[in-house]
Amino acid sequence: MLYIKGLKFRGFKSFKKVDFNFPKGYVCLTGPNGSGKSNVTDGIRFALGESSLKSLRAKKVSDLINHGSKFAEVVLYLGGDKTYEIK
C-alpha cells in the first residue's frame, strides 16, 4: 500500500524552502488558521498533475510562486514496497 512519505517545496505558495517527512500511518494535518495546511494539500494536488488554477486557489500562475522566488517546485515522495518520487 502506498502512503505519502514526504514533500519538498521550493518556492511554492507560502513555502520558500520546506521539507516535510511523514511517518507511516500519519493521517492528518493540524495547525492554526494561516499556518499553510491548505497550501500543503494544494502542493500534493499540483505534484499529482492538477492544472486548474481555481482548484489550486490561485487566480494566475504567478500566484503559485512564492514572492522572491523565480520558480516553484513540488516533489511528492510515496513509500510502500518501493519509494517513488513525483516532480
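Seven aromatic pairs turn up in this predicted model, where rings of Phe, Tyr and Trp (its six-membered ring) pair if their centres lie within 6.5 Å, with planes under 30 degrees apart called stacked, over 60 edge-to-face and the rest tilted. One of them joins F15 and F20 in an edge-to-face arrangement, 5.8 Å centre to centre and with 90° between the planes. F20 also pairs with F22, this time stacked, at 6.1 Å centre to centre and 5° between the planes. Ring pairs tie F9, F12, F15, F20, F22, Y26 and F46 together into a cluster.

A word on the ground rules before going further. Residue numbers start from 1 along each chain as its sequence is written, and side-chain values use heavy atoms, with hydrogens and water left out. Because the model is predicted, local features need pLDDT of at least 70 and side-chain atom pairs count only at pLDDT 80 or more, while totals for chains, interfaces and linings use all residues.

**The overall fold**

Read from the N terminus, the order is β-β-α-β-β. The C-alpha trace spans about 40 × 30 × 25 Å along its principal axes. How does the radius of gyration agree with that of a compact globule? For 87 residues such a globule would come near 12 Å, and the protein has 13 Å, which agrees; the radius is taken over C-alpha atoms, and the globule rule is 2.2 Å times the number of residues to the power 0.38.

Contacts here mean heavy atoms within 4.5 Å. Among contacts between residues at least 6 apart in sequence, 54% join residues at least 24 apart.

The accessible surface comes to about 6000 Å², and 55% of it belongs to carbon and sulfur atoms. These areas come from the Shrake-Rupley method with a 1.4 Å probe, and for residues only the protein chains shown count as cover. As for charge, there are 16 positive and 7 negative side chains, and the centres of the two sets lie 4 Å apart. Lys and Arg count as positive and Asp and Glu as negative, with His and the chain ends not counted; each charge is placed at NZ of Lys, CZ of Arg, CG of Asp or CD of Glu.

**Helix and strands**

Of the 87 residues, 29% count as buried, meaning under 20% relative accessible area, with exposed over 50% and partly exposed in between (1.4 Å probe, protein chains only). Helix α1 covers residues 37-47, and its buried residues are N39, V40, D42, G43, I44 and A47. Those buried residues pack against β1 (3-12), β2 (15-21), β3 (73-79) and β4 (84-86). After α1 comes G49, with a positive phi near 110°.

Strand β1 holds G6, which is buried with a relative accessible area of 1%. Leaving aside residues up to four places away in sequence, G6 touches F20, N21, F22, V75, L76 and Y77. The C-alpha atoms of G6 and N21 are separated by 4.3 Å, although the two residues are 15 apart along the chain.

**Accessibility of selected residues**

| Residue | Relative accessible area | Class |
|---|---|---|
| F15 | 8% | buried |
| F20 | 24% | partly exposed |
| F22 | 11% | buried |
| K13 | 12% | buried |
| R57 | 47% | partly exposed |
| S51 | 66% | exposed |
| K59 | 80% | exposed |

**Loops**

Which residue of the loop between β1 and β2 is K13's place in the chain story? K13 lies in that loop, and its phi is near 50°, a positive value in a residue other than glycine. The loop between α1 and β3 holds R57, whose phi is near 60°, again positive in a residue other than glycine.

S51 is found in the loop between α1 and β3, and its C-alpha atom is separated by 9.8 Å from that of V61, 10 residues apart along the chain. K59 is found in the loop between α1 and β3.

How values were computed
Helix = DSSP H or I, 4+ residues; strand = E, 2+ residues; numbered from the N terminus.
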